[in-house]
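Biologist: Please show me the model first. Then we can go through some of its parts by question and answer.

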Amino acid sequence: MKKHPLLLIAATVIATLATVHSMGCGAARSARSIAAEKVYVAPGELDRYYGFLSGGQSGSVFVVGIPSGRLIREIPVFEPRAAYGYAMNESDPRRQELVDTGGVWGDTHHPVLSETDGVPNGKYLWINDLANGRLARIRLDYFEADRIVKIPNLQGAHGIAVVSPNTKYIVVNGEFEQPTDGLATNPAPYTSVVAFVDPDSMQVKFEVRVNGNIDIADTSKDGRYSFSTVYNLEQGKDMGGMIQFDRDAVAAIDIAAAEKAVAAAKGEVRNQVPILDPDQNPGVLTLIPVPKNPHGINVTPDGKYAIASGKLSPTVTIIDAHTLKIVAEPEVGLGPLHTTFDDRGNAFTSLFLDSQVVKWNIDKAVKGAPDYIVDRINVHYNIGHLQAVGGDHMHPYGDYLLALNKLSKDQYVPVGPDLPENQEIIDISGEKMKMLASFPTPPEPHDATFMPVSALRPLVHQTYTPAADAVQAGKERIVRTGPNAVSVDMTLIRSAYTPETVEVREGDQVTLKITNVETIRDMTHGFALPDHNLNIALPPGYTKTITFNAGKPGVYWFYCTNFCSALHLEMRGRMVVQPKNSTVTLTDWHAAENVKGVVAGVPSTGAEK
Amino acid sequence: MTVRLQTSDFRLYVAAALLTAAALAVPLWGFSMSAPQYPDETLYLRVVRGGIAGDVHEVETLQQYIGVRFPTSLPELQLAVRVIAGLAALLGVAAFVGRGTPGRVFRWITVGVFAAFLAGSAAAVQARLYQVGHDRDRSAPIRAVRDFTPPIVGPVKVGNFTVWSFPHVGAAMLLMAAVLSTKAAASRPEA
């Protein structure tokens, strides 16, 4: 059979195209597999790093595993959470602390870890509440909020930082300027403060007055200076007024000089906190001029430079962290907001407008070499903070970088008009950055910090050691403590409450002390009381005391909200509320007697008494 | 005056007596319980001189579901403790009785008592294990678990748990003491 030459040519072309196409597909699949493998954590295996992401207007901290991006836990801080029984009840001391310091809502931005020798020691995590000028401390042995304090004399607690290398203070920047005399009627000049908080007592030791809006914070690695970006030196009261000057500043505070001035009583004391006026205390504050309205400030892991990100300017300003002189101001792209670092002398800056992360070489930029830009990678979209694992400490790991993007647009299935936030995990171990994976979160992580699982995991408790006043099994009781007051000491363990019936009278204030006497990990029980706006979560060994009104007459079945055991659904009991005028005699109840089958005790007629 | 034991046999008896006495200071028997939802946290019970120790709280919490009754008293254990103390004394005496016929008879009686004690203990443990697996609260909520008999040494499946029964350090010491004392009793005096 004779073949037509054109047919032969056509066949060859088709065959070639098919081969190229299939090879292309193969290459694409393989790149995806390689990326997938870098973030794949098989069921039962553990992540390499704890990621702590601020929860923004959720008022909490999200704990995320890296590299998997799995949300492992939310730590409620400034907002009550029924699921964790956190600050839900009016009588809960934590709720009272929230109410007293500014309300049951917060806006968390910057999680910072306690350090020893410049690396996280796994003791505490601090987080700010921008909205209400607060600082909270989270204990990392229990992953729970431990102290919440109001920072006096400032509004808008924005940037915070731990003073390296050994956590001498927590620096808190006051973003929203206030009249100097604290009176709303005084027009200008407004001013604000940088607060220095003692990590143990959580007391503000002193504050330094700075004019303008004090934004993001970091500290030099030797603990000499705190650095804060300051915008609106022009002290405008609206957006137009805030962008008049060509340059704003990085405020460098000499911590030792400030301490000396405080010790010499050179500060005005307001709300029990000494405030240093830099004009009267030369040497305390140095304003380093940087392009107007800067945003992030990040000190390199080796402590040589503080890098201010330009935001409105396409540059970063590299400041010598010892001499406070500007050494370079290279262009990096549009909308630079924050910078982080690997272990090989590279910086990574987030570009809000370009929606990119740019990788650049610090030494080359300082020397003015033209090829200081190493790589760029697109992120989705409008990145705010970024953080490389360990990049905010003296020992960066140089493996993963988290991009915290403000907008997700088309990245997830549509879920109505309010879209999730988008976090992206980028491989920074090679010369070129590689996008590995993304995961959505509720609103709205601003910043993140990380700690190796190998370092933190051994410090974490998985059960509580029972408190000295914990209710012991066999010591449960119901005692009438007043005409309208009943005290209940209760225990719970799979799958029952003791006592399982609590009889009270309408109008009673019920004080319930409840202990989970489980000793095995992950055996959390709940105590939900219908129609009383009440849920408590009790991890093993935990004791909680709450007071609530008995409410209307009726039978209320309290039940376990944390699925615990084969008899979880049966794990419940009754609170019987007798009407006020009922003639039923209510008796005290003691577990020890009940065991013998006799309900003894002192009869009490409750309200009529 | 009796002829004294050879030094090597004397040492064997002293070692056997010490091992027997020391067994009372360590766990005699052990049980391990593992289940899928207890990763890296196998539950252990140890039978010690005074009773049952270990993860008693958790095991008691679990037992309610299948109606197993935790033994509240173990009279056989109290008896065993006395016998072990007595055996230690017997072995100590055996170290000092002479080579003559009365001494030999005494030593073989010691061996016999020891062997009888070990056999009796094994039987008592097995009986108790049978009772735990069979004398159950029939009103217990989970009906799917059938009666069971843990072997004296080895595993048994109880619901979602695999329960292992095994001799602990104390039992091993007693066994070794029995072997040493038998060896000493059987040793022939050199001419």
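Modeller: A helix axis is a line fitted to C-alpha atoms over the stretch in contact, and angles run from 0 to 180 degrees between N-to-C directions. This is a predicted model: local features need pLDDT of at least 70, side-chain atom pairs count only at pLDDT 80 or more, and totals for chains, interfaces and linings use all residues. Residues are numbered from 1 along each chain as its sequence is written, while chains are lettered from A and ligands numbered from 1 in the order in which they are written.

Biologist: At what angle do α1(B) and α3(B) pack?

Modeller: Helices (H or I, at least four residues) and strands (E, at least two) are DSSP runs, numbered from the N terminus. In chain B, α1 covers residues 7-23, and α3 covers residues 75-94. Their axes lie 8 Å apart, at an angle of about 165°.

Biologist: How are α1(B) and α3(B) oriented to each other, roughly?

Modeller: Angles under 35 degrees count as roughly parallel, over 145 as roughly antiparallel, 65 to 115 as roughly perpendicular and the rest as oblique. The angle here is about 165°. Therefore α1(B) and α3(B) are roughly antiparallel.

Biologist: How many nonpolar residues are in the contact of α1(B) with α3(B)?

Modeller: Contact requires C-beta atoms, placed from the backbone, within 7 Å. Residues including Tyr13(B) and Ala16(B) of α1(B) meet residues of α3(B), among them Ile84(B) and Leu87(B). With Ala, Val, Leu, Ile, Met, Phe, Trp, Tyr, Cys and Pro as nonpolar, Asp, Glu, Lys and Arg as charged, and the others, Gly among them, as polar, the contact has two polar residues, no charged ones, and a nonpolar count of 10.

Biologist: How far apart are the axes of α3(B) and α4(B)?

Modeller: Helix α4(B) spans residues 101-134 and packs on α3(B) at about 160°. The two are therefore roughly antiparallel. The distance between their axes is 10 Å.

Biologist: How many charged residues are in the contact of α3(B) with α4(B)?

Modeller: One side includes Glu76(B), and the other includes Arg107(B) and Arg128(B). By class there are 11 nonpolar and two polar residues, and the charged ones number three.

Biologist: Is Met433(A) buried or exposed?

Modeller: Met433(A) sits in the loop between β29 (421-427) and β30 (434-441) of chain A. A residue is buried if 20 or more other C-beta atoms lie within 10 Å of its own, exposed if 12 or fewer, and partly exposed in between. Met433(A) has 23 such neighbours, so it counts as buried.

Biologist: How many residues does the contact take from chain A?

Modeller: Chain B gives six residues to the contact, divided into three nonpolar, two polar and one charged. From chain A the number is six.

Terms used:
Contact = placed C-beta atoms within 7 Å.
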